[in-house]
Amino acid sequence: MSEEKIVCQIAENRSIEISTGKLANLANGSCVLRMGDTTLLVTCCSGPARPGTDFLALTVDYREKYSAAGKFPGGFIKREGRPSEREILTCRMADRPVRPLFPKGFFDEVQIQGLLLSADGINNPDIMLILGTSVALTLSDLPFQGPIGAVRVGYVDGKFVANPTNAEMAKSSLELIYAGIADKVIMIEGDADEVSEQMLADALHFANDIVKKQIAAQLELAAKAGKAKKTPTLHLVPEALDSALREFCKNRIEAVCTVPGKADRIEAMNALLGEAKAALAAQFQEIPELDLEFNKSFDDLVRDTTRRVILEKQFRPDGRGIEDIRQLSAEVDVLPVVHGSGLFSRGETQALVIATLGGEKDAQEFDTITTGSESASNKRFYLHYNFPNYSVGEVGRIMGPGRREIGHGNLAERSVAKVIPKDFPYVVRCVSEIMASNGSTSMASVCGAILALMDAGVPIKAPVAGISCGLITDDNGKQLLLTDIIGAEDHFGDMDFKVCGTRTGITGFQLDLKLPGIDIDLLCQGMERNRIARFKILDVIESCLSAPREQISARAPHIVVIRINPEKIGALIGPGGKNIKAITEETKSSIDVSDDGVVKILAPNHDYLEEAKARVLGFTAEAEIGKIYRGRVTSVKDFGAFVEIIPGMEGLLHISEMADYRVKAVTDICNEGDNVTVKVIDIEPSSGKIRLSRKAALKELGE
């Protein structure tokens, strides 16, 4: 197959080259994308549906190999291992916008694989994976109902920028990841420096114009090199079974779907489904996997009924109005020992968040090959989200965090990080433990984290709250937005649109959609709905704790930041680290020294902190003319004595300056090892030599 190539111009000086036919030609679809010198291969393959599958088995995998940047992996094992958090988050961003674009009942196994081939450190490859996923699927024979476009939008120097470079993103007040079809959005994600809803809306329209260009380019490439689409095997419920089940349940299903409590509602649904299976199973014994087909049919019935009741009667499963928020509660200082804790509840959803403060050594280190900066970077604020089985009243395998947990934690982390001062000397970790879940646990984590941070005394700029807005539609074009969706409305609805922010503006957002796109204006209406709800939640948070505590928690370590002359760093560290080791061991402190002379001291209490600070200053202080010191005689000469007034810094005490009378011999006044009180009377500018006087010091002290 010959190589076909197109260039998509997305801005005046920004383009993406897309090619196919040169690499990975045995895959169902493959493409290579190049932006600058960052190059990415994306492939898609498919296989038959596994027995018992009742969902689209789509998997997206993305890997960044160190060889792409001309580097070796760090550590003992020189081979990349499990995907990093960044790679997992990138996989999720590519999965979400393409998933709604497959036909109902298509359960084949589909694998998307992205491989970073070269990284120039200037252009970020994550947005290329989303676009490349669409290209590979569009070129393939799979029943993909795309293509889609994808773009990152920044706001730099008063202008929107498409696919900004890493350097531009460092100056941007907005990061919007946008994916969609022409004039319809499917997925957004990002964070912002408290921007207005109007600015985000303008960014959405800006992104839409670029997406149209990308879609046109893909269709052009598909016309040259795309495969004919094959007729898919759709695993739909047999019509006779579906009709029989709906007839059996028709007089009871609405009551079951509107039981207020989550647990009670599930119990009522399971009871009705059990009765239906017992009554109808004998009629459909010839159907393979009959139990699975019953479950699929009943799930569709519950979905249709829940949506119909909401649309026609505006009656939600838990009895609320369309714009009502569930009952809210907020608490702080709920745990002993920890530095800060917050418990936030919204209806049956409950998040307990713990804040921990530490020093520079507690920062999260991670390797990066795509930013062009140091090979390793540090994250000074991070939030970990945990979703245990008991939070939904179930049993299951207990293991490490999955992709969902990493994604939810990242959204909460990005939203909260915007209000933590950049010069805050502590490293901060928040851990969100989900106690109970019935919708929007990531937003509860944001609220709980803010409570915990304020409880710990972290001087945040302003409280942040998060809320989710849902959507129900029908085939006739009717649309209804829902404020604060519960689990059932998320599962059976069309949208989960999360927005976090302060009273000033938005700090984080994420859109998940089950529809193949919605109007941008409708999303903006949801944004406004979220803003109104966010203010109500902030009222509850601020009524619990109106502002951060005035002092850092007494249970947290104490920290001080001082600045020394960079030339004194060697004196502080000492030969073989002798000096700094002695200070840290004897004061139980942690000391971090930067090349620019900034010294951060972390100690378990105030006394140890002051002792460590004094000793650091002792090694790094500069001699001052006119200042009196208590020094140690290091050597004695006929003409005077050398006295160490500061560790590593000596001055000459001439025999004529030892007393206010004539001294016959230096040893009449001092010997080696003695401590003497002296005053600095001169420092030679050229040599830095220090002259000391004992008689001047004694005169000033009146001795």
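Modeller: Pro 147 lies in the loop between α2 (126-139) and β7 (149-156); helices (H or I, at least four residues) and strands (E, at least two) are DSSP runs, numbered from the N terminus. The peptide bond that joins Gly 146 to Pro 147 is cis, with omega at about 5 degrees. This is a predicted model, in which local features need pLDDT of at least 70 and side-chain atom pairs count only at pLDDT 80 or more, while totals for chains, interfaces and linings use all residues. Residues are numbered from 1 along each chain as its sequence is written, and side-chain values use heavy atoms, with hydrogens and water left out.

Asp 120 counts as partly exposed, at 22% relative accessibility (buried is under 20% relative accessible area, exposed over 50%, partly exposed in between, with a 1.4 Å probe and protein chains only). Beyond its neighbours within four places in sequence, Asp 120 is in contact (heavy atoms within 4.5 Å) with Met 35, Gly 36, Asp 37 and Thr 38. Two of these partners are reached through polar atoms. The side chain of Asp 120 comes to 2.9 Å from the backbone nitrogen of Asp 37, and a polar contact of 2.7 Å links its side chain with that of Thr 38. A polar contact is a pair of N or O atoms within 3.5 Å; within protein, one must be able to donate a hydrogen and the other to accept it, and residues adjacent in sequence count only if both atoms are side-chain atoms. Asp 120 and Thr 370 are separated by 250 residues in sequence, yet their C-alpha atoms are 6.9 Å apart.

Most residues other than glycine have a negative phi, and most peptide bonds are trans. Gln 314, which is not a glycine, has a positive phi of about 50 degrees; it is found in the loop between α8 (290-313) and β11 (328-332) and is partly exposed, at 44% relative accessibility. Asp 333 likewise has a positive phi, near 55 degrees. Its loop runs between β11 and β12 (340-346), and its relative accessible area of 43% makes it partly exposed.

Thr 483 belongs to strand β19 (residues 479-483) and is buried, with a relative accessible area of 1%. Its side chain makes a polar contact of 3.2 Å with the side chain of Arg 529. Apart from sequence neighbours within four places, its contacts include Arg 316, Arg 320, Glu 323, Asp 324 and Ala 533.

Strand β21 (residues 506-513) is largely enclosed by the rest of the structure, because seven of its eight residues are buried. Strand β20 (residues 495-501) pairs with β21 in the antiparallel sense over seven bridges, where pairing requires that DSSP find at least two bridges between the strands. A hairpin through four residues connects β20 to β21, and Gly 501 has Ile 506 as its bridge partner in β21. Strand β10 (residues 184-195) also runs antiparallel to β21, with five bridges, and Val 195 stands opposite Ile 506.

A separate open sheet has three strands in the order β23-β25-β24, with antiparallel pairing. Its edge strands, β23 (558-563) and β24 (590-593), each pair on one side only. Six bridges join β23 to β25 (residues 598-603), and Ile 562 has Val 599 as its partner in β25.

Helix α9 (residues 403-417) is mostly covered, with 12 of its 15 residues buried, among them His 408, Asn 410, Glu 413 and Arg 414.

Finally, the whole structure holds seven aromatic pairs. Tyr 385 and Phe 387 form a stacked pair, 6.4 Å centre to centre with 15 degrees between the planes. Rings of Phe, Tyr and Trp (its six-membered ring) pair if their centres lie within 6.5 Å; planes under 30 degrees apart count as stacked, over 60 as edge-to-face and the rest as tilted. Tyr 385 is buried at 3% relative accessible area, whereas Phe 387 is partly exposed at 22%. Ring pairs also link Phe 102, Phe 106 and Phe 144 into a cluster.
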